[in-house]
Amino acid sequence: MDSETQSGTYLEVQNLVKWFGDDPAVDNISFGIPKGAFLTLLGPSGCGKTTTLMSIAGLHSIDSGRIRVGDVVYTSPKEGLFLPPEKRDIGMVFQSYAIWPHMTVTQNVAYPLEIRKVPQSEIDDRVADVLELVGLTDMAEKMATQLSGGQQQRASLARAIVAQPRLLLFDEPLSNLDLKLREQMRVELKRIQNEVGITSIYVTHDQSEALVMSDEIIVMSKGHIEQRGGPLEIYSRPVNEYVSNFIGVANLIKGRVTQVTEPGRGTVQITDHGKDIQVACNLGPGISEGSDAVLSVRPENVHAERENGDGASLEGEVLQAIFLGSHVDCRVQWGDFEWKVIAHPRAHLKAGEKVYLRLDPEHTLAVQP
Amino acid sequence: MSTETLPRTVERSLWANRLRSLLTQENIVTIIVSLIVGAAVILPLITLFISSFKVLDPLGWDTTWGFGNYVTLFTDRIIPKAFVNTLIISSGSTILATVLGVSLAWINARTNCPGRDYLEPYNLIPFFLSPFIGAIAWHNLGEPQTGLLNVWAREIFGFEGALMNIDTIWGVVWVTGIFFAPLVYLFVVGSLRRMDPSLEDSARTTGAGLVRTTMTVTLPLVMPGILSGAIIVFVTSAGEFGVPFKLSAPYGWETLTTQIFSKAVGDDANHFLGATMAMSLGIITVFLIWIQQRYIAPRSFTTVTGKGFRPNVLDLGQWRWVAFGYNLSFIFVAVILPIACLIIVSLHPVWTGKIVPEAMTFNNYVKTLFFWREDSIQAATNGIVNSLILAFGGSTIAMVMALVVSYMIHRTKGFGVRLLDFLSVVPIGFPGIVLAMGVLVTYIQTPIYATLWILMLAYITRFFPYGQRNISAIMMAISEELDQSSRMAGASWFTTLWRITIPLLKPGIFAGWILLFIIFLRELSISIILFSTGTETLSVGVYYLTNFENEPLTAALSMAQTVVLLIAIYVFRRVAGREALTA
């Protein structure tokens, strides 16, 4: 029986629950990914993403649920199964890189192969190959402590992939690097993962990292999955206020759904100083007539104009306009609400002047609070 | 296939699976070590507690249960006085050690006293040497008739009578105080060195003078360190056996430890009364250590912010030579004078207080060290062999235990870790002689009694926490991910321990090993309770010689012990570095 081809899922996490003391760190989450995919678990600290990763790695036990990869059940308390971490055939890159300081780069990278009793001649070849892949060939005989942060990162990656494991896990691997190196390593990591084709799970709290690298993203908070989808989907169609706030920047205004004109479309009523305004928009999942909703509008989707055009415009005042070359970063006061707007330099917005904001129904989304 | 059998096989495989996932290398070792540590620490303390309620009838045949022993503590002719003497000795030596330790630490860490970096190792030497040997040396220096200092006072300065009499309770305070001064030093010097200089500078800018700044800013900031050191000295002096045994007990000042000793092995042996005295001493020391650990030690870090400060170095002007002289005087009376005296005495066939160059001989060394010769003294030569076995074997086993215990405390989150953490602090609260009484009453009827094993068991139980602290300090500084990444690379728990964890901890393991080696090689107060003919240790050999032979023979064996210890100290300093011991 090959469940791998049957369901298309290679890694499957079912109803995972993990408690730390009296708090559920992970509260009944399930997901699966196909072979070769790159999945990111995204969320703020304490959302349960690292706990999920550690559960897959086997670095701690779980309270209930089931984790399998291919045909191998990693852990399932109900069946009394717990495969120790060393038997799971996983490569892992840690936040601190965890390069052993008492060994050379080659010794570090060869370690997983030595443990697997690979013949020495083959070890030499594979270590040389993988060091070339990560660009550390010149550093092979250096002690690990002589490497820079970025080089340690590469050595750590080389060690994780050298044995071609079933699964590759990343625990915030870029968070200790400086910004420039981080941006460079994102692309590099993704390239190497593509090349070796190992199914990967990546944990981060950095949304731009998640957007750049992932095939799929799972946004987590407080031990739950908030949303799962591709980077574009998560960004353009967040399911609720939490996700739209966490991914990118969004203007979020509370309102109420007054009308559903056709499936997925309708109007939301928002209030400005006692004056009700109807805004046409797309409706997210779970939004029905009469329910409370939050309008989510990305700053680049707000059109700011000096003259009032047709339709429902919001009249406000420019608080601040910062010219950034390609665009202008604006703050617009509208009632008690401060809009974040990215305007075209040609709009000639100036602080203190009146401005009219127009919302495009296609790019205005009503989501659950 | 019947429908009933299916769930049952599922059930069976469920439990088989559970059992298999529980029986990991890590769990098995954890459980075994926990049981060993638990048994080693708890068993003697419980037996000691129970035994203290067993009252021996006047004929010494039978026991009844009751509080009789506790009543005896108050009604006995000697014990209440011994209790008072113990308090006087502990208080006196605590004051002396604190004054010496704090002043020396301040001079070395914060003043421009000449040669302070070279003097520091010598200031610390008494910490590693045996106070018992110190007492023997000072006996030969300050005894009224034959003491070298008294003889010189009479001959050179025409002094009438005796300059001093070391064989008093004040002699005990003197020797204990100078030997435990380095303990206070170690507790204080770290925070003096790492203190943020701006704290003192800001006091100076408000117009406070040097003395005032020192008294109102510097001293209060290092107060937790001073208090910790003082409490440790108080507790250690209360449990010290060798010094009062040599200097005060023979002259009418018994202490609790000398009384416990005579109840444990003397002619009027009454183990149950001994256990009761050990209990009462133990309760006091545990209470004080608890205060230190719970309230004082945690505060000592709040006074020290950050790291990498260059502390203010005070220009003492001409006074720096006074500080230099003071420092040298300490080294002179605590290290040079005692060792020189031992060498002189050990070279004479008999000691009368007179140096007779033409009579000098190495015969005392031959008789106490050359175990292959017919005329050697068995108690002494046995001691050398046994102590080396105990020091090598004991510190090795203790460090293995310390390694596993530290690993469990810092790397596993499972059940029982807190208990284990607690168990590895408890032995620090009990003086060796108290724990030894517990071990004695626990194992007296088992085959290990009167073997080296009972000594090794007691040594390890009492002292493995020191080794554990050495390892823990390094383990806390090493990221757990270094271990985890080895597991993820496919290595088992044991392979990870062997190839990753232990190599990373090597300096801590080796430093801890040498420290225990030093402690075991000079150990007296446990050995004196648990030895029997054939299992004498080095210090017991010295005890035997001082009790049943003469001073020159005693001095010879004392010197042998001192030389081995000095070599070990040298190695320790090379390995562990300067900050290894500082709290």
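In the predicted model, strand 3 (residues 38–42) and strand 10 (residues 216–221) of chain A run parallel and are joined by 4 bridges. Within this pairing, Thr40(A) lies opposite Ile217(A) of strand 10. Helix 2 (residues 49–57) of chain A packs on the sheet, where it touches strand 3, strand 7, strand 8, strand 9 (199–204) and strand 10 of chain A. The direction of helix 2 makes about 145° with that of strand 8 of chain A. Helix 5 (residues 149–161) of chain A also packs on the sheet, through contacts with strand 7 and strand 8 of chain A; its direction makes about 170° with that of strand 7.

The sheet itself is open and consists of 6 strands of chain A in the order 7-8-9-3-10-11, with mixed pairing. In general, the strands of a sheet pair through backbone hydrogen bonds, in either a parallel or an antiparallel sense.

Val93(A) has Phe170(A) of strand 8 as its bridge partner.

At the level of the whole chain, two domains are assigned: domain 1 of chain A spans 3–241, and domain 2 of chain A comprises 242–301 + 313–367. Their centres, taken over C-alpha atoms, are separated by 38 Å. The contact between them draws on 19 residues from domain 1 and 18 residues from domain 2. Together the two domains of chain A bury about 1600 Å² between them, of which 63% is on carbon and sulfur atoms. Tyr235(A), Pro238(A) and Glu241(A) supply 43% of the area that domain 1 buries against domain 2, more than any other three residues.

With regard to confidence, the mean pLDDT of chain A is 87, and 97% of its residues reach 70 or more. Over residues 1–6 of chain A, however, the pLDDT is below 50; this stretch has 12 contacts in the model beyond near neighbours in sequence.

Notes:
Residues are numbered from 1 along each chain as its sequence is written. Chains are lettered from A and ligands numbered from 1 in the order in which they are written. This is a predicted model: local features need pLDDT of at least 70, side-chain atom pairs count only at pLDDT 80 or more; totals for chains, interfaces and linings use all residues. Side-chain values use heavy atoms; hydrogens and water are left out. Two strands pair if DSSP finds at least two bridges between them. Helices (H or I, at least four residues) and strands (E, at least two) are DSSP runs, numbered from the N terminus. pLDDT is the predictor's confidence in each residue, from 0 to 100. Contact means heavy atoms within 4.5 Å. Axes are lines fitted to C-alpha atoms, for helices over the stretch in contact, and angles run from 0 to 180 degrees between N-to-C directions. Domain bounds come from an automatic or database domain assignment. Buried area is the accessible area (1.4 Å probe) that two parts lose on being put together, summed over both.
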